[in-house]
Amino acid sequence: MDRKSLLQSRSYVVGIILMLLIALAAVAAAAPAVLPKPAQMTYVADTAAMISNEDAAKIAEMGRGLDAATGAQVVVVTISSLDGASIEEYATTLFRNWGIGDAEKNNGVLLLIAKEDRKFRIEVGYGLEGAITDGYAGSVLDDMKADFKSENYSEAIVVAYAKLTQKAYEEYGAEIPENVKEEADASFWSVLLGAAIFFGLMALLVYAVWDTLKDILHLLSSGRLFSDSVGGKRAGQSGDDDSGWHSSDDSGSSGGSFGGGRSGGGGASGGW
């Protein structure tokens with residue numbers, strides 16, 4: 001190869017490198033600025049002050065147990081604002097910057113909540129997408145909405161965290177600790193209690209107005225309600241004969257370290 005050809009080849013290589021550097025810079029500029037990675041492993045980073053100290057301790061205990069038993073890591077992060085970024089972009093960037101989950105198994109899960117934007121997302125690593133499907137992640141977020149609208153953030157977050165943790169245990173066939181089961185089942189019992197209270201109140205209401213209802217039903221079945229409303233009798237009939245006027249109606253934080261895992265974009269987003 002002569003000198004001219006060599007110089008052309010070098011220029012070509014330099015040009016490719018410059019284009020790659022420009023592309024990388026553009027990608028870096030497009031990525032949202034997220035919370036810096038903690039110095040040590042933490043299972044709850046509550047920068048928006050949405051979780052009580054007691055519930056944060058529960059989350060940390062569940063997270064440590066899952067990490068020790070399976071290597072999977074479930075992390076909940078609350079922030080005040082996305083600062084204009086989409087919830088998906090923020091979650092993906094934070095997940096990868098922090099390295100949630102094992103680097104080989106990619107078994108991390110992130111529950112991200114942006115308080116002022118009223119948005120949340122569950123981001124799932126490749127290794128747990130079979131257990132925590134997009135549909136399941138969406139159902140977990142849906143179950144949080146009522147409590148979030150009532151600003152009952154802390155309890156809803158603990159229950160959601162327990163549900164995600166339980167799914168990770170199931171994926172590895174590991175025994176689920178009682179504290180995880182109790183928290184995951186809390187929403188079920190709350191719904192059941194609410195339904196019992198509702199039907200109990202309805203029964204009391206029906207009982208309280210039962211005599212009035214009986215009178216109304218009797219009038220409807222006899223037809224007298226309507227005959228009375230039009231003068232009590234038809235023309236040409238005596239007052240005692242109402243046989244032709246009937247009506248019916250049939251209508252009816254914790255030590256250790258992040259594992260270097262990556263997400264594959266799986267999960268679900270929502271708002272409240």
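**A strand and its partners**

Modeller: In strand β4, V124 is the bridge partner of V109. The model is predicted, so to speak of its local features requires pLDDT of at least 70 and side-chain atom pairs count only at pLDDT 80 or more, whereas totals for chains, interfaces and linings use all residues. Residues are numbered from 1 along each chain as its sequence is written, and side-chain values use heavy atoms, with hydrogens and water left out.

Strand β3 and strand β4 (residues 119-125) run antiparallel and are joined by 6 bridges; two strands pair if DSSP finds at least two bridges between them. The hairpin of β3 and β4 has 4 residues between the strands, and R118 there takes a positive phi near 55°.

Strand β2 (residues 73-79) runs parallel to β3, with 7 bridges joining the two. V74 stands opposite V109 of β3, and T78 stands opposite I113 of β3. Between β2 and β3 the chain passes through helix α3 (residues 87-98), in a right-handed β-α-β crossover; right-handed means that, with the strands pointing away from the viewer, the path from the first strand over the helix to the second runs clockwise. T78 is also the bridge partner of D46, and strand β1 (residues 44-46) is parallel to β2, with 3 bridges between them.

In a regular strand the side chains alternate between the two faces of the sheet.

The largest nonpolar core has 58 residues, among which L111, I113, F148 and I157 touch the most other members. Such a core is a set of buried Ala, Val, Leu, Ile, Met, Phe, Trp, Tyr and Cys residues joined through side-chain atoms within 4.5 Å. Helix α5 (residues 153-171) gives the most to this core, with 10 residues. Leaving aside its neighbours within four places in sequence, F148 is in contact (heavy atoms within 4.5 Å) with M50, I113, F120, Y153, A156, I157 and W272.

Terms used
Buried means under 20% relative accessible area, exposed over 50%, partly exposed in between (1.4 Å probe, protein chains only).
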